Amino acid sequence: MEPKKILIITYYWPPAGGPGVQRWLKFVKYLPDFGIQPVVYIPENPTYPITDENLVKEVSDKAIILKQKIFEPYQLASFFSKNKTKKISSGIIPNQKKQSFLDKTLLWIRGNLFIPDARVFWVKPSVSFLEKYIQENNIDTIITSGPPHSLHLIGLELKQKLNIKWFADFRDPWTTIGYHKSLRLSNYAAKKHKALEHQVLNSADTIIVTSKTTKTEFEAITSKPIAVITNGYDDENVEKQILDTKFSLAHIGSFLSERNPFILWESLVELINEIPDFNSHLEIKLIGAVSQEVLESISQFGLNSYLNNLGYVSHSEAIVHQRKSQALLLIEINSEDTKSIVPGKLFEYMVSNRPIIAIGPKDSDFAEIIMNTNTGVFLDYSEKRRLKSVISDFYNQFLQGKLQSNGVGLQKYSRKNLTKELVQLINNYD
């Protein structure tokens, strides 16, 4: 019997780097184990803010890959400023008070002329190509993955034209995502986003989200079924790492302006003054794209001499750093809107055997995951005294050579188990 074919429509795909590519790269890896043939539709000439050629080797040889050209305004906008365009594309938006005229102009254009996002010009040609492909290849199930949320508009139009089942997968929320308010939206644009979000959520057969809070938010907009399938970790073949000799606090991933944790910088300065020799051991290790505002804050607090800013590295290198750093930092924006964000790197952090120091808004979804798996400590932005105590405790364990985490119940977050959940969800509709 031939395996069931499922069409997956996604923008981020190797050689794209960063967190956006991991979710569907790994689902596609394991879907054949459950009798499903993944057909992946991606842009032929995308504008990825970061790339990781190593990930190309991870693409399943059992997947059928379809490519179609895409027009993206980022290609034109980079004529004015390639660096600024790349940062906006990757979600790194300058602090509002420090935005230049060009920053404001690019944000206004991004937010008001390209709704829901700059990949919207891919919708019509994709629908035209995929309508024919779906009919010719007897495909009855499609999955769209966003952001970019314009890909859900491809699903919307295909659903209107064909007798198919459509699953809309939201790796992040739509109108409540952290950077949405920074896009300088007009009233018209804000209403248009809301209207499209409502239409997608009420047209898809099932919505898939990565956190409980996003599910609750969407339940206020739609009565369609909503399933929570989190991100997860893959079993990486990484040699046992020798731990850093410094007391390294590592942040891996994009360090956005709004995530700038003054509570952390203040705590480190005070601990340097209070604990003998703390200054000789401390290392602040940043891996990934870091906003200028974060770097300026580190400098203003006098912490530059402790900074090791490695920039973007491949995913495989990032995994190595996760396992050799003494402790791992997970920072989320202090906002009601970000309680639903469960960073994809959390799950890789959890299996690194290194303790996590997580800072975010009170009642964040990822706080519960960290607590239930015994993989670290979560603090909200009002808990500076407790943060100092946690760092001091970790430091003392580091001096004794005893600093590590002892996670429990991690297997439920393995990519293979999560793919099994996805397949069960799909099969419920057959």
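## The loop around aspartate 363

Aspartate 363 sits in the loop between strand 12 (356–359) and helix 14 (365–373); helices (H or I, at least four residues) and strands (E, at least two) are DSSP runs, numbered from the N terminus. This is a predicted model, in which local features need pLDDT of at least 70 and side-chain atom pairs count only at pLDDT 80 or more, while totals for chains, interfaces and linings use all residues. Residues are numbered from 1 along each chain as its sequence is written, and side-chain values use heavy atoms, with hydrogens and water left out.

The phi of aspartate 363 is near 70°, a positive value in a residue other than glycine. Most residues other than glycine have a negative phi, and most peptide bonds are trans. Aspartate 363 is exposed, with a relative accessible area of 57% (buried means under 20%, exposed over 50%, partly exposed in between, with a 1.4 Å probe and protein chains only).

Asparagine 374, in the loop between helix 14 and strand 13 (376–379), also has a positive phi, near 55°. Asparagine 374 is partly exposed, at 45% relative accessibility.

## Two cis peptide bonds

Proline 14 and proline 15 are joined by a cis peptide bond with omega about 20°. Proline 15 belongs to the loop between strand 1 and helix 1 (22–30).

The bond from isoleucine 115 to proline 116 is cis too, with omega near 10°. Here the setting is the loop between helix 4 (101–112) and helix 5, where proline 116 is found.

Strand 1 (residues 4–9) runs parallel to strand 4 (residues 141–146), and three bridges join them. Isoleucine 9 stands opposite threonine 144 in strand 4.

## Aromatic rings

There are 19 aromatic pairs, counting rings of Phe, Tyr and Trp (its six-membered ring) whose centres lie within 6.5 Å, with planes under 30 degrees apart as stacked, over 60 as edge-to-face and the rest as tilted. Phenylalanine 114 and phenylalanine 121 make an edge-to-face pair, 5.8 Å centre to centre with 70° between the planes. Phenylalanine 114 is buried at 14% relative accessibility, whereas phenylalanine 121 is partly exposed at 40%.

Tyr41, Trp122, Phe129 and Tyr133 form one aromatic cluster.

Note on methods
Two strands pair if DSSP finds at least two bridges between them.
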